[in-house]
Amino acid sequence: MGVGDDSGEGVRKRGCSCAKKDFLPEESFKSFSNYAQALKEIPARFMDRVVTRSLDSTELTEMKARSRHEMTKSLTWWDLMWFGIGAVIGAGIFVLTGLEARDHAGPAVVLSYVVSGISAMLSVFCYTEFAVEIPVAGGSFAYLRVELGDFMAFIAAGNILLEYVIGGAAVARSWTSYFATLCNKEPEDFRIHAHSIGISESYSHLDPIAVVVIAIVCVIAVLSTKGSSRINYVASIIHVLVILFIIIAGLTKADAKNLSDFSPHGARGVFKASAVLFFAYVGFDAVSTMAEETKNPAKDIPIGLVGSMVITTAAYCLLALTLCLMQPYKDIDVDAPFSVAFAAAGMGWAKYVVAAGALKGMTTVLLVGAVGQARYLTHIARTHMMPPWLAQVHATTGTPVNATIVMLCATAVVAFFTKLDILANLLSISTLFIFTLVALALLVRRYYATGETTASNRNKLIACLVAIVASSTATASYWAVSTDGWIGYCIAVPIWLLATVALNFSVPQARSPKLWGVPLVPWLPSLSIAINIFLLGSIDAASFGRFGVWTAFLLIYYIFFGLHASYDTAKESQTQKLKAQEAGKVKKLEEGGDEEVASSMAAA
């Protein structure tokens, strides 16, 4: 698929072609000699991609044109708000609440949700400004490409895709747990145990039901975005009614004595749980990927994103408090905590209502995730960092069919093999990393504009950003290694404060948002960076090891494929623009010459 290439009857009939040119059409891959030459140029090409930043206009016009067909603009703020609620309220609250309350935070899991909610809300503000200014399907990938350059955008892109695959897999496995409760069975009764063939314990509980659920969601997601929205809307309303039932009915069985040992593991337990429970807020970024299909982004996106996050945070805190009032935290079940809590309270019939509601919620999370992740992959493929075949939008449905199917196949494979606890920790690392980059990108957007920001102000901006990130990292590291020290905080926190103050008063803002902007810049983005990095310090070392392996894989892919594909595509685009400019100049000259001839004839 070449840029703007729209020829061929096969494309028109089937909507999505599948030829060699759709996977590796770039000059570097047309022959072995070309590829060998590209490998020799890796250092120069890499530096070019590191320092090259995209433009808003490029993402809004040129990138979208590479999908051959436009996505249908059919969504309003009402759709986005319900998409947000449907995307977020799912496995996190219905499964991880029990695990974290029992093992780490106790009843103080409510505070863990507050901390995670604050972090998520700060990220929502950052996402909203970008989504309004750059309403494209690429979401945070497009935002980072504009502000931090191609290379950082690709690293973020790989983690975005990982976030969606792992998130979907975790929800699908949780779906099996609540389905088992609905059938009065244990979750393991529906899983295949493969210990005898030498598979690790963490990957040997095979889950075929999760695969079936993902396949059904895939079919719905590829048919229609608006249709997915309607299904999500109805399912989310039912879900909200079930949540209200859990809170009201659960509080009738409340016992304040269950809160007596409120924080058994202290602040460390609260923050450790908060880092994992950030998983419960994952999904709102999927709403930002729907900006390209939104009728009025400037109005609809802020209302949809912020509104859904406020509702979600309030619901989480009330649900967590209700659970901890119903049962002593040591007795909470880790697979289906709310259903088992109602059964223990003598309301056995209620566990079926809860299980059905949880299944509804998880289904909408899977559906919204399927819609969002496909749009991320579509926009990444538009840049040719991934095969452009994945960027194709179906002519009939107006949806990215190829990207949807590929992403959900990967999700199904992970869901089939991997246990929930591994998925939750790895997901939180990936998500917090991306949200930190988006907050950093927002500060760059506000304080740096090419050709306008002076070298002095640019250097001060870099120094302030480095100090903010370094002090936040030092705080998180000190928290991770020191159990009762305080000297490190007395050094790192003031540095963060001074760096933010310096950015606020010594560096002038280079641009103001045109339609909707984050308030209290640089304080809110800087605080978002600090909280996200701090939560990263509460995640176990093994999860960071898995994250490192994934990042290494991304780098290998980028160096040998993504770098050359995106480099060739960018250079081809520049060449086409120069040719268009030259053609325009020639046309003007010809028009000017015609006018001179006409004037001469008139004078004669």
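Predicted model: local features only at pLDDT ≥ 70, side-chain atom pairs only at ≥ 80, totals over all residues.
Helices, here runs of at least four residues in DSSP class H or I, and strands, runs of at least two residues in class E, are numbered from the N terminus. Among contacts between residues at least 6 apart in sequence, 85% join residues that are at least 24 apart.

**The largest pocket**

- Two or more lining residues come from each of the helices α9 (150-182), α16 (350-382), α17 (401-417), α18 (420-447) and α22 (541-603), and the largest share, seven residues, is that of α9.
- Sorted by class, the lining of this pocket consists of 25 nonpolar residues, two polar residues and one charged residue.

- Helix α14, which covers residues 297-326 and so has 30 residues, reaches 43 Å from its first C-alpha to its last, close to the 44 Å expected at 1.5 Å a residue.
- Because 21 of the 30 residues of α14 are buried, this helix is largely enclosed by the rest of the structure.
- Helix α19, with 27 residues (455-481), should span 39 Å at 1.5 Å a residue, and the 39 Å between its end C-alpha atoms agrees with that expectation.
- The buried residues of α19 include Asn 457, Leu 461, Cys 464, Leu 465 and Ile 468, and also Ser 471, Ser 472, Thr 475, Ala 476 and Trp 479.
- An α-helix has 3.6 residues a turn, so residues three or four places apart point the same way.

**Buried residues and their contacts**

- Leu 122 lies in helix α7 (residues 109-133) and counts as buried because its relative accessibility, 7%, is under the 20% cut-off.
- Leaving aside residues up to four places away in sequence, Leu 122 touches Leu 524, Leu 527, Ser 528 and Ile 531; the C-alpha atoms of Leu 122 and Leu 524 are separated by 6.4 Å, although these two residues are 402 residues apart along the chain.
- Thr 431 is placed in helix α18 and, at 0% relative accessibility, counts as buried.
- Beyond residues up to four places away in sequence, the contacts of Thr 431 are with Glu 163, Phe 278 and Val 282.

**Backbone geometry in the loops**

- Most residues other than glycine have a negative phi, and most peptide bonds are trans.
- His 384, in the loop between α16 and α17, has a positive phi near 70 degrees without being a glycine, and it is buried, with a relative accessible area of 5%.
- Leu 520, found in the loop between α20 and α21, likewise is not a glycine and has a positive phi of about 55 degrees; Leu 520 counts as exposed because its relative accessible area, 60%, is over the 50% cut-off.
- The peptide bond that joins Val 521 and Pro 522 is cis, with omega about 15 degrees, and Pro 522 lies in the loop between α20 (487-506) and α21 (523-536).

Notes: Residues numbered from 1 in each chain as written. Heavy atoms only, no water. Nonpolar A, V, L, I, M, F, W, Y, C, P; charged D, E, K, R; others polar. Contact = heavy atoms within 4.5 Å. Buried < 20%, exposed > 50% of the residue type's maximum accessible area, 1.4 Å probe, protein only. Expected span 1.5 Å × (residues − 1).
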